[in-house]
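Subject: Structure for your review

Dear colleague,

Please find below the structure that I am handing over to you. I would be grateful if you read it alongside the notes that come after it.

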Amino acid sequence: MEIEVASGSASGSGSASVSNDGGGGGNDLEKGVQYLHGGEKGVAYLVWEDLTVVLPNFGHGPTKRLLHGLSGYAVPGRIMAIMGPSGSGKSTLLDSLAGRLSRNVVMTGNVLLNGKKRRLEYGVAAYVTQEDVLLGTLTVRETITYSAHLRLPTAMTREEINGVVEGTITEMGLQDCADRMIGNWHLRGVSGGEKKRLSIALEILVRPRLLFLDEPTSGLDSAAAFSVIQTLKNVSRDGRTVISSIHQPSSEVFTLFDDLFLLSGGEPVYFGEAKTAVKFFAEAGFPCPSRRNPSDHFLRCINSDFDIVTATLRGSQRLRETTQKASDPFMNLTTTEIKSMLVEKYKRSEYALKARLRIREISTIQGPEIETRSGSQADWWKQLSTLTRRSFVNMSRDVGYYWSRIVIYILVSLCVGTLFYDVGTSYSAILARGACGGFVTGFMTFMSIGGFPSFIEDMKVFYRERLNGHYGVAVFILSNFFSSFPFLVSVSLVTGTITYWMVKFRPGFSHYTYFCLNLFGCIAVVESCMMIVASLVPNFLMGIIAGAGVLGIMMMTAGFFRLLPDLPKAVWRYPVSYISYGAWSLQGAYKNDMLGLVFDPLVPGDPKLTGEDVIKNLFRLSLDHSKWWDLFAVYVILISYRLIFFIILKLKEKASPFFRSLYAKRTLYYLSKRPSFKKKPSFPSKMHHNLHPLSSQEGLCSPST
């Protein structure tokens, strides 16, 4: 038996961990398909045996079993529905097969692909999440085109790639909305069904053999849901294996599924062909009425919440025809009892026997080897250029990314310029220049935190595409910097020009250049710091709070609120002030502005004060190194923060499997000593204990007549 701690990374350990890539179809794709697969199409036979998922509880409560020893299979050319009520384990089973379970659960069992236990690297399977994670500023065609250039082979010509893109748009039925923006918080875009089909299109772009979908019809109306599942049906006809979780499909949608895995409380109620499920329920004594949607009937039998609903309704209305009570099984049994009967009936049925034989047969199949790619067949430079272009387009169209900040920076710069206008060289101007420099390098650069919400959205897209193997971490970090570079330069030049010439800092082009370079470095460092925060605290609100706290500490130790020599040596002076951009930036700003100037004395008639005396005696800063070394230190911190961001993302990928393995061993060690680990709960939740049959609830709390 293989043991795995579920993960959110692209590859797991033990059981087959599936990462995502995409695929496409249609006649227009044929040339691209032949290029991608060399004319040979591998197929994917997926088998899972005795799959159990538990949520450990190291306290005094019982360990919660999410899945109870499930076994099943999925074959090419067919679409399977994993169906059940809320909390039945649909998404857990899907994530178990795809290697995307949460880190705090433990999975045991075997997952075989073409008869082998193997770790599936990027490029074999695709996973479409329930949430559509897309860049809302791009059009549908642009989104697919950029994804194609990121993943298709570099040797393919632009015409061939465009053919693949157009074929995918046609296959997914996106022609009418191809040139419309997807939409975000300030742009109206495509509908929910079109977003879902676009998400599927991105994953089937490079034609994976295995496709997982987590409730693709969630939030869609019946027509949009039918369109999505019909598209998946067409995808499966191309020899691909499609597995989808779904909650309660309409009768039209239900007929599109080939196979059905019905779950309740993590236990199998039925597994087999979807069209024979009605027959199984009839044989078990729970026939589906002729005019009822089969999926509604199935969930009515196994969803314990219906006991509460029925009891409530029964308390307010009596049945007029009591003759139906004797013949209706729902009147004499609770849904919990019905579910238990169905589970036991299935275990002894011909359907379960047929499934076990089929699993044994498929497990011995040594299917054609599926080519394991790195997820993207484009070279590194093409990925970098494509991602840089896409990121730049997104930033230029997203008002909240940089444009709103540029406006705010201009307004703040005008305020600073008018407040410190022509500050001069009087004795009071010394403190005024110091305050202005502290504000510019501290508070003004602090406003870069405003880009955090937009970057969080970028990170969501990155995590999805990284799990699917579209590109690497280094490409993402470099492309983000290159695409944001023009905007950062614009912010620095506009802000620096307005502030420098209105305040009238020390004249000279070299001093003006230094001022702008210093401002650019500070803004870039703040953005890099927020990237680190985003990688550690992905929650928007907590990220803003954490980032503001970190930047606040940097400002406190910059040397303005308290002089650097007066900082407590432990921690604050060493090492905080040395790793803070504010201290180096403020030192350089003082030197750039004051060295070479002469200030009036406090008492008229006393000797004038030189800039060197002010820096050494008033601000108590050392002049043993040039201002350019201070600027160099700011840029070293900038590069260091980007490297730290890179290391964090790589460690989350590489080191997490090791820690998950340790967690699995520790968890199973403790669970093996607990009796609750071996017990299966009789009821799915405590809220349904001590329920009475529906027949006994008739008349309860009913109004007197």
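The notes below cover the nonpolar cores, the cavities, one threonine and the cysteines. Please bear in mind throughout that this is a predicted model.

Nonpolar cores

The largest nonpolar core comprises 97 residues. Those with the most contacts inside this core are Leu46, Trp48, Leu93, Ile144, Phe212 and Leu342. Helix 6, which covers residues 222–236, contributes the largest share of the core, namely six residues. There is also a second, separate core of 62 residues, and Tyr500, Val525, Ala633 and Val634 are among its members.

Cavities

Searching the whole structure gave seven cavities of 30 Å³ or more. The largest cavity has a volume of about 150 Å³, and 16 residues line it. Of these lining residues, Gly437, Phe505, Phe515, Ala589 and Asp593 lie nearest the centre of the cavity. Three helices each supply at least two residues of this lining: helix 16 (427–446), helix 19 (509–536) and helix 22 (581–594). Helix 19 gives the most, with five residues.

Thr499

Thr499 is part of helix 18, which spans residues 473–503. Is this residue buried or exposed? Thr499 counts as buried, because its relative accessibility is 0%, and the cut-off for that term is under 20%. The side chain of Thr499 comes to 2.9 Å from the backbone oxygen of Thr495. Beyond its neighbours within four places in sequence, Thr499 is in contact with Ser413, Val416, Val440, Lys504, Phe505 and Phe515.

Cysteines

How many disulfides does a search of the whole structure find? The search finds zero. A disulfide is a covalent bond between the sulfur atoms of two cysteines. Cys288 is itself buried, as its relative accessible area is 18%. Cys436 is likewise buried, with a relative accessibility of 0%.

Yours sincerely,

A colleague

Notes: Residues numbered from 1 in each chain as written. Predicted model: local features only at pLDDT ≥ 70, side-chain atom pairs only at ≥ 80, totals over all residues. Heavy atoms only, no water. Helix = DSSP H or I, 4+ residues; strand = E, 2+ residues; numbered from the N terminus. Buried < 20%, exposed > 50% of the residue type's maximum accessible area, 1.4 Å probe, protein only. Polar contact = N/O pair within 3.5 Å; in protein donor to acceptor, adjacent residues only side chain to side chain. Contact = heavy atoms within 4.5 Å. Disulfide = S-S within 2.5 Å. Core = buried A, V, L, I, M, F, W, Y, C linked by side-chain atoms within 4.5 Å. 1 Å grid on protein atoms, 1.4 Å probe; cavity = no way out; pocket = protein on both sides within 12 Å on 5 of 7 lines; lining within 4 Å. Points joined across faces, edges and corners; volume = space filled by probe spheres on them.
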